[in-house]
Protein chains: 2
Amino acid sequence: MSKLTDVPKRILIGRALRSDRLGETLLPKRIALPVFASDPLSSVAYAPGEVLLVLSVAGVSAYHYSLWITLAIVALMVTVVASYRQTVHAYPNGGGAYEVATVNLGRRAGLSVASALLVDYVLTVAVSVASGVENLGSAMPWAVQHKVLVALVIIALLMLMNLRGVKESGTLFAIPTYAFVGGVLLMVAWGGVRGLVLGHTMRAPTADYKITAEHAGLAGLALVFLLLRAFSSGCAALTGVEAISNGVPAFRKPKSKNAAATLSLMGVLAVAMFVGIMILAMTTKVKMAENPATDLLINGKPAGADYNQDPVIAQVADAVFGHGSFLFVFLAAATALVLFLAANTAYNGFPVLGSILAQDRFLPRQLHTRGDRLAFSNGIVLLALLAGALVYAFGADSTKLIQLYIVGVFVSFTFSQGGMVKHWNRHLATETDKTARRKMHRARFINAFGMVFSILVLIIVLLTKFTHGAWLAVLGMVGWYTVMTFIRRHYDRVSEEIAAEEGEADEAVRPSRVHNLVLVSKVHKPTLRALSYAKLMRSSGPVEALSVNVDPVETKALQQEWERHGIDVPLKVLDSPYREITRPIIDYVRSLRKESPRDAVSVYIPEYVVGHWYEHLLHNQSALRLKGRLLFTPGVMVTSVPWQLDSSEVARRRARKRAEWNAPGSVRRGPVAQPKKEKAGGRK
Amino acid sequence: MSKLTDVPKRILIGRALRSDRLGETLLPKRIALPVFASDPLSSVAYAPGEVLLVLSVAGVSAYHYSLWITLAIVALMVTVVASYRQTVHAYPNGGGAYEVATVNLGRRAGLSVASALLVDYVLTVAVSVASGVENLGSAMPWAVQHKVLVALVIIALLMLMNLRGVKESGTLFAIPTYAFVGGVLLMVAWGGVRGLVLGHTMRAPTADYKITAEHAGLAGLALVFLLLRAFSSGCAALTGVEAISNGVPAFRKPKSKNAAATLSLMGVLAVAMFVGIMILAMTTKVKMAENPATDLLINGKPAGADYNQDPVIAQVADAVFGHGSFLFVFLAAATALVLFLAANTAYNGFPVLGSILAQDRFLPRQLHTRGDRLAFSNGIVLLALLAGALVYAFGADSTKLIQLYIVGVFVSFTFSQGGMVKHWNRHLATETDKTARRKMHRARFINAFGMVFSILVLIIVLLTKFTHGAWLAVLGMVGWYTVMTFIRRHYDRVSEEIAAEEGEADEAVRPSRVHNLVLVSKVHKPTLRALSYAKLMRSSGPVEALSVNVDPVETKALQQEWERHGIDVPLKVLDSPYREITRPIIDYVRSLRKESPRDAVSVYIPEYVVGHWYEHLLHNQSALRLKGRLLFTPGVMVTSVPWQLDSSEVARRRARKRAEWNAPGSVRRGPVAQPKKEKAGGRK
């Protein structure tokens, strides 16, 4: 109770900063990088394999195209990073793709982006966890042998962690991310030294295997199509790039500049890792087949259904560091960890986006309250269920899941860059300063280029992957879009219905007095409290106690008690030949309203406050049902007068604990706008 | 709305009698018999078979004991009927076993009886439906081939019928019951004529089959045990006999006399049918084996797993009327129908008993309201689920289910008769009139005899059937007993906690004034209504509007609107750096209470009334959560000021329809005590 002493102060200046609330401290670049970039950086763990896998359809000879595809992906990465650098400067308050699209291209574009993002969060969890398990499996085979189970367990663990409210710290992100980046770069460097300086011949475990081409000697349009498919698979490396642009407010000042620098650093690291892994994969002759069971030949025989294809990054590490060496195991662990971390980012991105959408009334309004445990919980559980279902349906196979993944990413890229082009157009229309105009022109060019590139990739992805699974992602987006449109329409209709007319300060018919009714079943403390409260309202109109005669004996006893306690409120007993409670009361209230239509009726219901869920089954049920019916009766208000049972202490403590819960991901969102002094509206 | 004109009248004299409410008309004997006796009469459809089945363990030669067993069962039936005739006279208001046991033997005895009855209702459904399907199958083989499925479908249909609220009429019961009784008596009579007068040799379809005795040549104690087991199986014929004693108030005057007469008639009919079927079964050489697949030999070979053993009643009908003849099919249909009707009686007995137990606070109080749809619905669904689970677990095999059945019946018989003995002892202690004393002595003797007989049977049933399944029934009873004890203890503790002290007419600290807070988010009609209601309370204390600043832009807009509408209530804005709604309000309320501890705080929350369940997800959630937290704060009352959205009209109509719903089984319960004139307690 001593904490209550500072209540007035807290109301005036807002809750004191608590040191364990990391969300309120701003992030330096070295922490911001791992916090925001675990998702895009981790995707180099699966993207290279996807490229090789698709190319293998045309046989190993097609592998030499992989360098061209790598170049195309690097070009795309550079373009996207450059585009988002413009966004970061233009929207220093955090320009998520949804906001940029809505502001510049209108509500439908924004909603399309939002639908794409919601689907993508689910896929981030599914793909990252599946890939993490596969990487784990390269060092610990049992993990891949029970792939689906392990993946589901990890999804469930992430869910529970987030439901409990993890206190995220920068360190939590920094250690695995830097371990992963360092490990990969060391591998690339040491591989280069061994190959070029020491002249070692490094061979991946699959170097000696052969691949039977499903379509050997592919040429012409068919080959182009295959290359495009390989390219779009490789684009998985770009997922999550936009995270930094959402997180600008969390950076130290100068925010935009620091965010842009971090974005560039992320781009450089991602490109270096991706290119390095691809070159090493070529050098060590990694073989990846789309259907290893039949198409991969070990000593001339198909590998069979039991064969487990290790990820490219693991095979390269095997070749460079040696199988089972410390660095090999270390890198496998770091890779798995950074992938699970990437999955974890979705667990807070999903509810945060939900909160923004709720603010714009596309989702239920109660999701709006930021940091509210219940709003978060629903989102977290929903995300885990959807991701779990996908993982189960696709056997935790990252290759299959990636087919669904990239559509959403490029839908949001396209709309976001398109929105930026509009943004610059609008600013160019008013800007007169020459230097500023030149900068804007340059920025517009970059964003336009990014938009065109994204559209192109989106078309390629849709063409090459629609039948492979992308249709499901498209269906998911259409689903979200429809539901959100429906919800918005509902809120709009209600808002129109309840709009106050101009100058209307009161309802047309303002009640002249209030008929106060206190529901009574026995004379006990809760009833007495309700009576004493109601009596305070006596000046507003008559006060009357109301009881329903369900059992004549009990009613008689009630009347005697009433007399004995000398209660100065008249007791009215309603008869109920069918032992109903609700109907006689509703009928009585209606009759009061009929007698004097200008009166309002106020019904006081003593309510028990309990501590355990099962106690709810034992109390208040009739009261709740009655209340539900009374609310349909016009001109009635219903007052609950609580009586805290001893057992409610349990629940109060629980509620207090819940209120102190930390929303996950607060690190990444940065602090909210500064608390302001409270204001009081003028009295007129 | 025209119906509202008679509201004052309806409040004065109670709702007008409606002709479709059959529950309000009293039953003549010819209707009361089928209404109350479908359960006991229908049990002759399965009881005879159970006797033969058990005897077959010792080989067909043991069949000749069946006549002795029949005699024992008849003696028991006569005793039980005679005993219940005493109850009917002593408790003209309907002396259920629960009431008799509670009043005379105390709470624990009553609770034991109640537990037994709750278990028995479930078994009535399971056994009757299973047996009904078997009888149906004698005419329509496909019904037995998909026994479990058909039984589950019928349980589900009965559930849906009862959930919808069937308007039961006497005719509904009369036609199948009289068809069944008439059919069986006709069969017995025609069988007698054919055998004795015309000298025909009638042979059951199984007459030529042989039975391999599992224990041939059983003698001594083992034989006695087997005979006792056969006897206790045959006691299934007694289930449901007590129904009439519960239903005395539904009889025409003189109630007790008519009820007793009906009880006797029921006894005579049941005995006649049971004895007739047993004799015909012997004459037509029906063979029943406990394990027909292995022990029944057709032409010297075991019948095999596919063999379906028809009920005795069907085999006898086959022999007497001829297979596939009209009367054979008619009797099979009538038997199945009356069995389903018997199952249906449990669907209303279960919730009615629940309501009585709720009145005595052994079950959640809200079940008390009689005829309340929700209370009934829960009971109906629970019963269907439990019975369905049993039917599924036991493969809809009536023989296996009967093993569980009879325990509960005899627990309630024993306690009920024991209670009656106490009842007479008590009356004898004060009664001085000689004739009356003689009558009481006679009645006490009958009840004492019934009690001893019941105890004996109960012991036999427990001994012979415990391992065959009766343990599950016992477990069920213990479960109910424990839960009900727990609930009662909880209510008692709460009732002690909230008891008003002698002479206490008010709380020790009576609030001196009320701080009225209206929660506001926007200026719209619901808010304005809440404000205008709160302003009526102005005399009780200050009125203040309260808003939480979650979004500075929205808050600014609210303040401007406030000014523009010229609202004469001060608007206080609470800051919320974490975008929470609940916490700032709770803190503010606490600070008010701290400043002036003698004030109460009244919080007005505008609430939306909606029509569809999904709209609940879109509205009021924050308000509900806030309310939940506020109720834990002492000295606070929470007022919902409803705003009916247009869509709420749907829900209102639905609610009105629900209110006019008829509780199933109202026929059987008869009308409640006469409606009384309403009373108003004196003002002091």
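User: What percentage of the 684 residues in chain A is made up of buried residues?

Analyst: A residue is called buried if 20 or more other C-beta atoms, placed from the backbone, lie within 10 Å of its own, exposed if 12 or fewer do, and partly exposed in between. In chain A, 53% of the 684 residues are buried. The model is a predicted one, in which local features need pLDDT of at least 70 and side-chain atom pairs count only at pLDDT 80 or more, while totals for chains, interfaces and linings use all residues. Residues are numbered from 1 along each chain as its sequence is written, and chains are lettered from A and ligands numbered from 1 in the order in which they are written.

User: Is Leu280(A) buried or exposed?

Analyst: Leu280(A) counts as buried because 27 C-beta neighbours lie inside 10 Å. Two residues are in contact if their C-beta atoms lie within 7 Å. Beyond its neighbours within four places in sequence, Leu280(A) contacts Val188(A), Gly191(A), Val316(A) and Val320(A). Its C-alpha atom is 9.2 Å from that of Met187(A), although 93 residues separate the two along the chain.

User: Where does Leu280(A) lie, and how is the packing of two helices described?

Analyst: Two packed helices are described by the angle between their axes and the distance between the axes. Helices are DSSP runs of H or I with at least four residues, strands are runs of E with at least two, and both are numbered from the N terminus. Leu280(A) belongs to helix α12 of chain A. The axes of α12(A) (255-283) and α14(A) (312-321) come within 10 Å and cross at roughly 65°; axes are lines fitted to C-alpha atoms, for helices over the stretch in contact, and angles run from 0 to 180 degrees between N-to-C directions. On the α12(A) side the contact is made by Ile277(A), Leu280(A) and Ala281(A), and on the α14(A) side by Val312(A), Ile313(A), Val316(A) and Val320(A).

User: How is Ser264(B) classed, and with how many other C-beta atoms within 10 Å?

Analyst: Ser264(B) is partly exposed, because 16 other C-beta atoms lie within 10 Å. This residue is found in helix α12 of chain B. Not counting residues up to four places away in sequence, Ser264(B) touches Val81(B) and Arg85(B).

User: Which strands form an open sheet in chain A?

Analyst: Two strands pair if DSSP finds at least two bridges between them. In chain A, three strands form an open sheet in the order β1-β2-β3, with antiparallel pairing. β1 (210-211) and β3 (301-302) stand at the edges with a single partner strand each, so one side of each has no neighbour in the sheet. Two bridges join β1(A) to β2(A) (296-298), and Ile211(A) stands opposite Leu296(A).
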